[in-house]
Structure formats: structure tokens, C-alpha cells
There are 2 protein chains.
Amino acid sequence: MSSSSSEKPMRQQVEEYIVSLQESIVSGFEKIDPNAPKFKRDSWIRAQGGRGQSCVFAMPDPSSPAGKANTHTSVLEKGGVNISIVHGLLPPAAIKQMRADHSSIPFDPEKETSLPFFAAGLSLVIHPRNPNAPTVHANYRYFEITEPLKEGDTGQGKVMAWWFGGGCDLTPSYFFEEDAKHFHSVLKAGCDQHGADLYPAFKKWCDEYFYLPHRQEARGIGGIFFDDLSDEPHKHLPSGSSAPRPKTPSELFAFIKTMGDSFGPSYFPILTKRMSLPYDDHMRRWQLVRRGRYVEFNLVYDRGTKFGLMTPGARIESILMSLPEVARWEYMTEMGSEEGTEEWKLIQVLKTPREWA
Amino acid sequence: MSSSSSEKPMRQQVEEYIVSLQESIVSGFEKIDPNAPKFKRDSWIRAQGGRGQSCVFAMPDPSSPAGKANTHTSVLEKGGVNISIVHGLLPPAAIKQMRADHSSIPFDPEKETSLPFFAAGLSLVIHPRNPNAPTVHANYRYFEITEPLKEGDTGQGKVMAWWFGGGCDLTPSYFFEEDAKHFHSVLKAGCDQHGADLYPAFKKWCDEYFYLPHRQEARGIGGIFFDDLSDEPHKHLPSGSSAPRPKTPSELFAFIKTMGDSFGPSYFPILTKRMSLPYDDHMRRWQLVRRGRYVEFNLVYDRGTKFGLMTPGARIESILMSLPEVARWEYMTEMGSEEGTEEWKLIQVLKTPREWA
């Protein structure tokens with residue numbers, strides 16, 4: 001990190017980074033499919049404080065009822081790369097919950113006070129059209145809680161608690177071992193630059209988080225997942241380890257930037273390799289059944305989605321952009337149960353997480 | 001109710017009724033579309049106690065990738081009429097929660113005891129193919145908590161608490177006022193046979209329950225919804241009313257039977273009237289967007305679905321048979337927003353519940 005950028009407040013540095021990361025990821029997708037329409041850039045202002053930009057791709061298939069006017073079958077089916085930079089007041093109930101992982105947040109149970117917060121993040125979900133090409137999800141975010149401003153104060157209160165979070169994971173309908181190895185290797189290489197304990201801890205956390213108990217299977221083949229990274233002790237990282245780990249705001253911001261910059265190298269080569277493979281109706285059907293499972297995870301378990309849906313005034317369309325264009329549910333589907341089939345091979349991988357890198 | 005049947009234990013009377021109701025509803029649907037395959041009857045045994053039968057219809061459209069081998073375009077797209085008759089031990093946490101509405105359940109916070117329960121019910125969801133024909137949902141159920149059996153006891157313990165619950169509601173993609181009036185009139189006529197306060201209370205409860213806060217719209221045009229009906233005071237029924245209401249087990253069972261028997265008359269005429277109306281790709285697309293909202297309600301809010309998904313050993317395929325064959329999500333869809341269109345008319349009805357009967 002250059003010394004000049006580190007003099008800026010962290011919230012400003014994060015904002016500048018995620019704005020440029022959004023543009024670089026979106027233009028990366030646009031270069032892969034130059035004949036498709038551009039992502040729709042949709043800026044918004046939050047009445048209670050802050051702003052954001054959704055970059056959304058949607059182009060129904062020419063063979064579907066909704067897409068008959070389209071002449072190009074696009075590489076992507078539906079997806080979004082969204083950023084939001086918001087601030088406001090955090091209600092006492094939310095503060096109480098956050099104290100579990102951030103003891104530096106002051107909380108007086110006698111006085112039900114709200115505290116100012118700042119949150120900036122990038123979140124993306126991309127569902128490609130070709131069943132051979134996996135869905136991908138990524139998220140990079142920064143959170144701050146500051147001292148309440150007194151009447152007459154201007155500017156921003158002192159930072160009392162802060163942390164980084166995020167992750168990146170892959171959800172194939174058809175399993176290619178080389179894709180899993182490539183994806184995890186790129187993420188591991190990024191993590192390893194900042195500490196040897198990071199990848200193993202965050203890979204395990206990802207396997208645990210993206211799991212559907214009612215299906216007894218993982219959502220996909222994982223990646224990394226992390227939250228609450230700050231200078232405080234962390235329950236997912238080994239406490240007695242001799243390996244250094246990023247702790248200061250600038251060290252953790254450097255880690256987040258490495259991971260954000262790794263998104264393209266982790267995913268674009270896989271998409272490019274799979275997007276033109278031949279497929280048939282049977283494979284498309286299986287892809288839609290798998291997308292049903294994706295919907296189940298996001299609506300039933302995903303903390304971000306649930307939190308968003310319960311938040312009054314939240315931007316529902318940005319939250320639910322993670323859902324696929326189309327999903328399918330079959331009662332007692334036989335797909336995936338016949339031993340030796342490609343669908344069965346995927347299920348085996350989802351039932352038992354493996355090491356890929 | 002004949003005097004001979006009322007001598008049987010209520011759990012047996014309910015079981016016999018829902019078994020015959022399932023058969024009569026399923027054969028009602030089969031008569032409407034004699035060229036379609038029959039419902040698939042799928043009996044199951046619960047390892048922890050009890051049994052059930054799912055009657056499921058699934059037949060992908062010939063124009064879809066999954067349905068190319070089909071020669072008949074069926075009236076129904078996907079649906080199920082399920083019954084379950086189960087018993088077992090209710091854990092202390094569940095007992096504690098149920099005591100809120102059933103003070104006759106004994107609960108000693110010092111002793112964390114489980115209590116035997118019995119539950120029997122019929123649950124159905126039908127998604128027709130034609131966008132003019134509404135989705136329908138219905139449920140009729142009976143619950144009992146009995147005294148724990150001591151070692152050496154045989155048979156069944158004394159009933160300590162019992163109640164009936166259920167409901168029936170309609171979810172159209174295109175709004176026909178005459179259908180809403182017909183549906184609600186049949187339900188109201190059934191309720192009115194058992195007490196003048198029932199329909200207004202249960203209609204309101206239905207509007208409140210089937211509501212998506214994040215969309216600020218109802219799931220459909222309502223119907224009736226009720227739970228915890230027993231001889232205890234009921235918070236949804238006016239306490240000072242002079243109108244009689246069913247209170248004894250046999251009075252409430254008679255009410256449940258009237259409502260179960262009303263299902264066919266409330267829905268079959270609507271299905272028959274709408275199932276052959278012409279429709280185009282635009283209407284099919286809107287239907288799939290509306291089915292996305294149905295999925296959102298069931299996975300995010302529906303108590304039965306959530307409870308089922310969290311229950312270890314639950315039959316997931318029976319719980320999720322309520323989901324449509326296909327659902328669709330469009331980012332910031334323009335459908336429904338243009339004033340005066342048929343899609344817009346539906347949204348108006350979903351935003352503001354009305355009186356239909």
C-alpha cells in the first residue's frame with residue numbers, strides 16, 4: 001500500500017477500491033462475450049445515507065418464451081456485480097449481536113443507544129447459460145462502528161470497531177476436477193501471501209457455511225469464506241499458531257485487495273473453457289434442478305439474504321439479484337441418483353468436501 | 001356425525017377422514033384431465049412412528065427441455081395432495097412454545113420432560129399449467145398431546161391438549177373477480193354453518209399470514225387460515241361475541257369436515273373454467289415470475305416449510321412438493337408496473353386485500 005493512500009481514512013480507501021474492482025470485473029465479463037449487451041449500470045441513493053451501483057446482466061435465452069426476440073445466445077444467463085457504500089445508525093439489537101465477535105464495541109444494557117456505522121462492499125453472483133460452466137459468488141466488505149457524534153460535531157466520530165469479511169465460492173452443475181483445482185489454487189495462492197493459516201481456515205469455513213442441512217449436501221465445491229477479521233482474536237484462526245496473520249487495517253485491506261484482484265484469474269479461465277462446450281436438454285434440466293438448490297440455500301440459510309429481507313427500506317432487487325433466471329423443482333427427481341452418471345459424480349463431491357489445493 | 005363414529009377416538013376419526021378426503025380430491029383432479037397420467041401414489045413409513053401417503057402430479061410441458069417426450073399438455077403442471085399420520089415424543093422446547101396457545105399442556109420448567117404427540121393432516125398445493133388458472137393450497141390438521149405412558153402401560157395416554165388447524169387459499173397469476181368471489185363464497189358458506197364469527201376472523205388471519213413483507217404484497221387473494229382451534233379461548237375470535245362457535249372435539253371435527261369437503265366445490269369450477277383459455281409467451285412468463293414469489297413465500301416465511309426443513313428426519317420431498325415445477329426471477333421486472341395491464345391489475349389486488357364474500 002502506498003504511504004499516500006494509507007493516509008486516507010480506511011472507509012475512503014475501501015470505497016475507491018471496490019468502485020474500481022466493480023468496473024474491472026464487469027468489463028472482464030463483457031470482454032468474454034463482446035456480442036452480448038453490456039451489463040446494465042444502475043446507480044442508487046439510499047435515503048437514510050449512502051449510495052450504490054448495481055451492474056446487472058439479464059438476457060433470456062432465445063429458445064425461452066421470454067427471449068424470442070433475442071438473436072444472440074449469451075454466455076451469461078443472469079448475474080449482478082453490486083457495490084454499496086452506506087452509513088447510518090445501528091439499532092441496539094444489532095449492536096448487541098455484533099459484540100459477540102467484537103468486544104471493543106461499547107454496550108451499556110441500561111442505555112439502549114444506537115451507534116453510527118459505515119459499511120462498504122462488493123457482492124457478485126454470476127449464473128452462466130452453459131450447464132458446463134459453474135455459477136460463481138464473491139463478496140468483499142468492510143464494516144466500521146464509530147463514536148456517536150455530539151450536537152454540533154461535524155465529520156466522523158472515532159472508529160471503535162472495524163472488520164473485514166468476504167469470500168468466493170464456485171457452484172458447478174457438472175463437475176470438472178481441473179476447474180476445482182484451478183479455482184482453489186488461485187484462492188490459496190492469494191491467501192498464502194498474507195499468512196499460511198488463512199486458506200485452510202477459510203476453506204473449511206466456506207464448506208461449513210454453504211451447506212444445506214435438509215439436502216445433506218454442500219451448495220457447491222466451496223472456496224473461501226471469512227468474516228470479522230480485525231486485530232481481535234479470531235475463533236476460526238488457530239490461536240497458538242506461529243504463522244503471522246494480517247491484523248492491522250492496512251494489512252487486512254491488503255489481503256482483501258489480493259482476494260478481490262484474484263477473482264478474475266480464479267474464474268474467467270474456467271468460464272472461457274466451459275462456455276462453448278456442447279450440451280443437451282438433459283444437461284439443461286439438471287442445471288435448472290441445481291439452480292433450485294441454489295434458491296433454497298439463498299432463501300432459507302444465507303445470512304446476508306435473510307438480513308436484507310428483514311431490513312426495512314432495503315433494496316430488495318439488489319438482494320435478490322443472486323437468484324437465477326430460472327429454477328426447477330422435481331418431486332423425487334431421479335437425476336443424480338444413478339451411479340456413474342455425470343450428475344451422480346457431482347452429488348458425490350457435494351456430499352463429501354475434499355481438499356483441492 | 002353418527003353416534004357410532006363419535007365413539008371412536010378422535011385421532012382415528014380424523015385419520016379415516018383425511019384418508020378418504022385425499023382419495024376424493026385426487027380423483028377429482030384426475031377426472032378433470034382424464035388424458036393425463038394419474039397422480040403417483042407414494043406411501044411411506046416414518047421410522048420414529050407413523051405413516052403417510054404422497055399423491056404427486058408432475059408432467060413437464062412438451063415444449064420444455066424436460067418434457068419433449070410427452071404428447072399431452074396436461075391441465076396440471078405440478079402438485080401434490082399429501083397426508084401424514086404421525087406420533088412420537090415432543091421435545092421440551094416445542095412444548096414450551098405450544099403452551100402459549102394451549103394452557104392445558106402441563107409444563108414443569110424444572111423437569112425437562114418430553115410428551116407424546118399425535119398429528120394427522122392433509123396438505124395440498126396444485127400449480128396448473130395455464131396462466132389463467134390459479135394455484136391453490138389447502139391444509140386440514142389435528143394435533144394431540146397425551147399423558148406420558150408409564151412403564152408397563154399399553155395403548156394411549158389421556159389427551160391433555162388437542163386442537164385443529166388448516167385453511168385454503170388461492171394464488172392467481174391473472175385476476176378474475178368472479179373467481180375470487182366464487183372461491184370466498186364457498187369458504188364463507190362452509191364457515192357460516194358453524195358460526196358467524198368464523199369466516200371474518202379466518203379470512204383476515206389468512207390475509208395477514210400469506211403476506212410477503214419484502215415485496216409488500218400478499219401471496220394471493222387469500223381464503224381462510226386458522227390454527228389452535230379447541231375449547232380454550234382464542235385470540236383471533238371475538239371473546240364477547242354472542243354467536244356460537246364450535247368448541248368441542250366433535251363440533252370442531254364437523255367444521256374441519258365441512259371445510260375439507262368444500263375444497264372441490266371451491267376450486268374445481270375455477271380450474272375447469274380457466275384451464276383451456278388461450279395464453280401466450282408473455283402470460284407464461286408472468287406466471288413464472290409469480291411462481292418465483294410463491295417460492296419466496298414458502299422458503300422465507302411459511303411456518304410449516306421452515307419447521308419441516310429444520311426437523312431432523314423430516315421427509316424433505318413431501319415438504320418441498322409445494323414448490324412449482326419452474327420459477328423465474330427478473331431483475332427489476334417491468335411486468336406488473338404498467339397501469340391498466342392485466343399484470344398490473346393483479347398487483348393492485350395483492351397490495352390491498354378486499355372483501356369478496
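A salt bridge here is a side-chain nitrogen of Lys or Arg within 4 Å of a carboxyl oxygen of Asp or Glu. By that rule, four salt bridges span the interface of chain B and chain A in this predicted model.

Start with one of them. Select R328(B) and E325(A): their side chains form a salt bridge, with N to O at 3.8 Å. Polar contacts across the interface of chain B and chain A come to 11 residue pairs, both residues at pLDDT 80 or more.

Now select both sides. About 3400 Å² is buried between the two chains, 63% of it from carbon and sulfur atoms. Pick out E317(B), W329(B) and Y331(B), which supply 24% of the area that chain B buries against chain A, more than any other three residues.

Finally, move to chain A and select α4 (residues 177–192) and α5 (residues 198–209). The axes of these helices come within 8 Å and cross at roughly 130 degrees, which makes α4(A) oblique to α5(A). Show side chains for H184(A), L187(A), K188(A), C191(A) and D192(A) in α4(A), which meet L198(A), Y199(A) and K203(A) in α5(A). This helix contact has four nonpolar, one polar and three charged residues.

Definitions and conventions: Residues are numbered from 1 along each chain as its sequence is written. Chains are lettered from A and ligands numbered from 1 in the order in which they are written. This is a predicted model: local features need pLDDT of at least 70, side-chain atom pairs count only at pLDDT 80 or more; totals for chains, interfaces and linings use all residues. Side-chain values use heavy atoms; hydrogens and water are left out. Axes are lines fitted to C-alpha atoms, for helices over the stretch in contact, and angles run from 0 to 180 degrees between N-to-C directions. Helices (H or I, at least four residues) and strands (E, at least two) are DSSP runs, numbered from the N terminus. Angles under 35 degrees count as roughly parallel, over 145 as roughly antiparallel, 65 to 115 as roughly perpendicular and the rest as oblique. Contact means heavy atoms within 4.5 Å. Ala, Val, Leu, Ile, Met, Phe, Trp, Tyr, Cys and Pro count as nonpolar, Asp, Glu, Lys and Arg as charged, and the others, Gly among them, as polar. Buried area is the accessible area (1.4 Å probe) that two parts lose on being put together, summed over both. A polar contact is a pair of N or O atoms within 3.5 Å; within protein, one must be able to donate a hydrogen and the other to accept it, and residues adjacent in sequence count only if both atoms are side-chain atoms.
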